[in-house]
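Please look over the sequence and the model below before reading on.

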Amino acid sequence: MKTWIKRLALLMLALILAGIAVCAYIMHSAKDSVPVLNYHQINDRDENALTIHTDQFEVQMKYLADNGYHAITPAEMIDAWDNGTSLPDKPVIITFDDGYADNYRCAFPILQKYNLKGTIFLISDFVSTYPNYLTWSQIDEMQESGLIDFESHTLSHTELDKTSPEETWNQLDGSKKALEWHLHKEINFLAYPCGSYDEELQQLVKKAGYKGAFTVNFGSADKSENHYILDRVPIFGCTNHTLMRYKMRLNYTPIFAPLARFHKNLLENDHTFIAKFIPTP
């Protein structure tokens, strides 16, 4: 009996060491990847999956500032990949989808406090139209600060892989031109509404003149990755998003991203029981 216990213990130790070795290899292989944090709403009013409370967001931004992270823009990342320009140590991209008014009221002052750059993907037809979304004057103020970059989230947040080619082009090209006219800058990046995309859509995005596009797939952006299906790290979930969970997602994305994809696949195929045993922060 003792012999079997020893063998079992040795087997468990071997598996643990192998797991550590695999994790170390994965992290080393992804050392040049860039975490692209994906936020939506930042406020203390809403209690939904797309919202982070203001105090949580400040703790997260303080963590970045205190631990040597440097916030960059998508353009800086792509320029480094394509042209060999240098990136700072521990680069990170902070993105916000949709362009909610609370990005100005709640998130912007915190980014200013810690001198962190952010990128907001705007639904251009919603700007200065609906009360819960940014106004052009707020956008101008943020852009003039030098900290906030604005890019496209289409005209009206239509799922682009479900529209006609004509409407898809209108959403891509129309938003790009409208934002360029208002902001007097090139719009080079897109965030797919609802994260929906396909091969044909990627080609249209490229044809419209965008240099890259972001999904909501959990993962770090990597140079070897197709520039038109760049991964991000979702950071929302209301009060469930503790600082520990945030740290794990930020620092160990290469390890947890495959597990998250496996977990999602299990759920989509109704294997909910098995999915419960897959660790995903």
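Accessible areas come from the Shrake-Rupley method with a 1.4 Å probe, and for residues only the protein chains shown count as cover. On that basis the accessible surface of the protein comes to about 14100 Å², and 57% of this belongs to carbon and sulfur atoms. This is a predicted model, in which local features need pLDDT of at least 70, side-chain atom pairs count only at pLDDT 80 or more, and totals for chains, interfaces and linings use all residues. Residues are numbered from 1 along each chain as its sequence is written, and side-chain values use heavy atoms, with hydrogens and water left out.

The protein has 281 residues, of which 47% count as buried, a word that here stands for under 20% relative accessible area, with exposed meaning over 50% and partly exposed lying in between. Its secondary structure comes to ten helices and ten strands, taken as DSSP runs (H or I, at least four residues, for helices; E, at least two, for strands) and numbered from the N terminus. Among contacts (heavy atoms within 4.5 Å) between residues at least 6 apart in sequence, 63% join residues at least 24 apart.

Two places can now be visited in turn. Y130 sits in the loop between strand 6 (118–122) and helix 5 (136–144), and this residue is partly exposed, with a relative accessible area of 44%. Y130 and A101 are 29 residues apart in sequence, while their C-alpha atoms are 9.5 Å apart in space. E199, by contrast, belongs to helix 7 (residues 199–207) and counts as exposed because its relative accessible area is 52%.

Definitions and conventions:
Buried < 20%, exposed > 50% of the residue type's maximum accessible area, 1.4 Å probe, protein only.
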